[in-house]
Amino acid sequence: MTRANHPWGPFDTPFEAVGGEGKLRSIVDRFYDIIDAEASTLRAMLPKDDSASRDKLYWYLVEWSGGPALYSPERGHPAMRMRHLPFEIGADEVDTWLTCFGRALDDNDVTGQVRDFLDERIGALALHMQNQP
Ligand code: HEM
């Protein structure tokens, strides 16, 4: 039996296409490690101990991609733009965030159809978070 081909490839969800919970955890940890080491403007927005930030992004990406609902039971409705309003996010911050995220995907060998899907959809989400000119 063949499975429908979705924009993210021949999997029921992007969650499965990307490689599940272990892979998303690894992507999130790499993303924050890159920010810690190289993106001082973004690092300055985060708490000194960023372990809760890591958990929240991980829970969100698992749920958003069609995996288990880890985020909403802990944090409620995502309301992502509203939750980002306390931070000044302009074009440079969007660009840096996406560069770091793209590198985390590269370093986790996320390629092909699911990579194109993530680049497009996460790119749009990041633009939606912009709240400064
Ligand atoms: C566009 C540039 C972005 C910047 C500068 C930014 C920055 C931040 C900051 C400073 C926080 C607070 C961290 C904390 O509470 O410990 C945060 C929280 C969060 N961000 Fe972003 N973010 C951006 C884009 C995104 C995108 C594209 C996503 C989703 C793919 C995302 C998902 C989240 C989540 C899930 C939280 C935690 C919300 C909560 O439950 O409190 N962010 N972000």
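Residues are numbered from 1 along each chain as its sequence is written. Because the model is predicted, local features need pLDDT of at least 70 and side-chain atom pairs count only at pLDDT 80 or more, while totals for chains, interfaces and linings use all residues.

Visitor: Which helix supplies the largest share of the shell around the ligand?

Guide: Helices are DSSP runs (H or I, at least four residues), numbered from the N terminus. α4 (51-64), α6 (80-84), α7 (91-107) and α8 (112-129) each supply at least two residues of the shell. The largest share, five residues, comes from α4.

Visitor: How many residues of the shell around the ligand are nonpolar?

Guide: Ala, Val, Leu, Ile, Met, Phe, Trp, Tyr, Cys and Pro count as nonpolar, Asp, Glu, Lys and Arg as charged, and the others, Gly among them, as polar. Of the 22 residues around the ligand, Met45, Ser53, Lys56, Tyr60 and Trp97 come nearest. The shell has four charged residues, two polar and, in answer, 16 nonpolar.

Visitor: Is Ala79 buried or exposed?

Guide: Ala79 stands in the loop between α5 (72-75) and α6, and its phi is near 35 degrees, a positive value in a residue other than glycine. Most residues other than glycine have a negative phi. A residue is buried if 20 or more other C-beta atoms lie within 10 Å of its own, exposed if 12 or fewer, and partly exposed in between, with C-beta atoms placed from the backbone. Ala79 has 10 other C-beta atoms within 10 Å and is therefore exposed.

Visitor: Are α7 and α8 roughly parallel or roughly antiparallel?

Guide: Axes are lines fitted to C-alpha atoms, for helices over the stretch in contact, and angles run from 0 to 180 degrees between N-to-C directions. Angles under 35 degrees count as roughly parallel, over 145 as roughly antiparallel, 65 to 115 as roughly perpendicular and the rest as oblique. The axes of α7 and α8 lie 10 Å apart, at an angle of about 155 degrees. This angle therefore makes α7 and α8 roughly antiparallel.

Visitor: What is the orientation of α2 and α4 to each other?

Guide: The axes of α2 (residues 20-38) and α4 come within 9 Å and cross at roughly 140 degrees. The two helices, α2 and α4, are therefore oblique.

Notes:
A residue is near a molecule or strand if its C-beta atom, placed from the backbone, lies within 6 Å of it.
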